[in-house]
Amino acid sequence: MNLFLCIDDTDDLDSIGTGELLENMRDAAAARGLGQGGFIVRYQLLIDETIPYTSHNSSMCCTFETHDRDALTAFCQSYLEANCAEGSDPGLCILTNNSGLDYTVLTAFGKRAQTEVVSKRDAYAAAAAFGSDVSLSEHGGTGIGVIGALAGAGLRAGRQEGRIKGKLHPLPGRPTMTAGEFAALYALSQLVDTNGQPVDPQRVLTFTEPTKAVFRDGMVTGVVCCENGVWKPLPKRKKEKQ
Amino acid sequence: MWDTVDGMPVWQGGKTDWAAAAQAAENCGAFRADCEEECVADDDVSCYNCRFRRWTRDSFVCMKERCL
């Protein structure tokens with residue numbers, strides 16, 4: 001079966017970030033023979049001074065194909081308890097990834113968490129209708145990370161846009177390539193311009209600075225822009241912040 | 001470059017004053033890069049990429065005095 005794994009509030013200013021922790025947990029679970037994980041999507045949640053986030057209030061979500069949900073859940077829970085930063089408030093959400101499920105309620109909860117302050121009670125209420133298809137667990141501190149964990153899983157299940165962890169680096173000695181080659185080389189499912197329009201696969205791109213892919217329309221997506229007549233993958237600063 | 005709100009330094013440049021944020025970080029002895037997924041500026045050394053910035057709705061607060 002395929003699952004969404006999402007975590008939040010695992011770090012402090014001296015620890016590794018939540019994205020790296022999820023990456024490590026995903027890879028450790030795979031090394032245990034529990035299955036295979038996918039890429040990680042970052043979801044920005046509400047920036048509000050009353051929310052006790054460390055510095056940015058984002059949650060991280062990946063998919064995971066497993067044959068043993070119970071063993072994977074137990075592994076993730078113990079991994080978080082052993083590896084989250086002391087004093088953090090970690091939360092874990094494991095949600096069934098099945099096209100037969102209607103995620104409307106959870107996606108709506110995720111969108112709420114991006115625009116207003118929500119509570120743990122709100123999170124458990126939103127999760128209640130999903131029965132055994134969702135598990136929410138707290139792993140230290142106030143456990144308030146369950147809010148972001150459920151929100152991230154709901155946003156991912158609803159195919160909402162987020163940034164994909166990791167950078168796409170230019171190839172040494174190859175500053176130009178066609179858009180089609182760029183998409184194939186970096187396993188992008190679609191390539192669009194800053195207006196969201198598809199890019200001609202024959203268009204020549206200049207690729208000399210690292211860029212990032214985004215999760216859009218449920219696909220790994222590259223975004224390109226035109227500056228002074230030169231087409232290139234979007235630099236980070238051109239991407240919308242928060 | 002900075003306002004003081006409730007005793008904390010708040011960046012005046014909002015979220016897109018890229019050049020000034022890079023300059024400020026270059027001149028700061030406390031800069032520490034945040035993890036890759038939280039870095040937003042192309043300049044590696046930038047207050048926008050620093051672990052000690054805490055985003056607010058319109059800008060960020062520098063937390064270095066509280067954390068170091």
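Tutor: A residue counts as buried if 20 or more other C-beta atoms, placed from the backbone, lie within 10 Å of its own, as exposed if 12 or fewer do, and as partly exposed in between. This is a predicted model, in which local features need pLDDT of at least 70 and side-chain atom pairs pLDDT 80 or more, while totals for chains, interfaces and linings use all residues. Residues are numbered from 1 along each chain as its sequence is written, and chains are lettered from A and ligands numbered from 1 in the order in which they are written.

Student: How many residues of strand S1 of chain A are buried?

Tutor: Strand S1 covers residues 2-8 of chain A; strands are DSSP E runs of at least two residues and helices H or I runs of at least four, numbered from the N terminus. S1 is largely enclosed by the rest of the structure, because the buried count among its seven residues is six.

Student: Which residue in S4(A) stands opposite Leu5(A)?

Tutor: S1(A) pairs with strand S3 (residues 58-65) of chain A, antiparallel, through six bridges; pairing requires at least two DSSP bridges. Within that pairing, Phe4(A) faces Thr63(A). Six bridges also link S1(A) to strand S4 (residues 91-96) of chain A, again antiparallel. Here the residue opposite Leu5(A) is Ile94(A).

Student: Which strand gives the largest share of the side of domain 1 of chain A that touches domain 2 of chain A?

Tutor: Seven residues of domain 1 and eight of domain 2 form the contact, with contact meaning C-beta atoms, placed from the backbone, within 7 Å. On the domain 1 side, strands S2 (36-44) and S6 (162-164) each give two or more residues. The largest share, three residues, belongs to S6(A).

Student: How many residues of chain B are in contact with chain A?

Tutor: Chain A brings 20 residues to this contact. Its side has four nonpolar, five polar and eleven charged residues. From chain B, the number of residues is 16.

How values were computed. Contact = placed C-beta atoms within 7 Å. Nonpolar A, V, L, I, M, F, W, Y, C, P; charged D, E, K, R; others polar.
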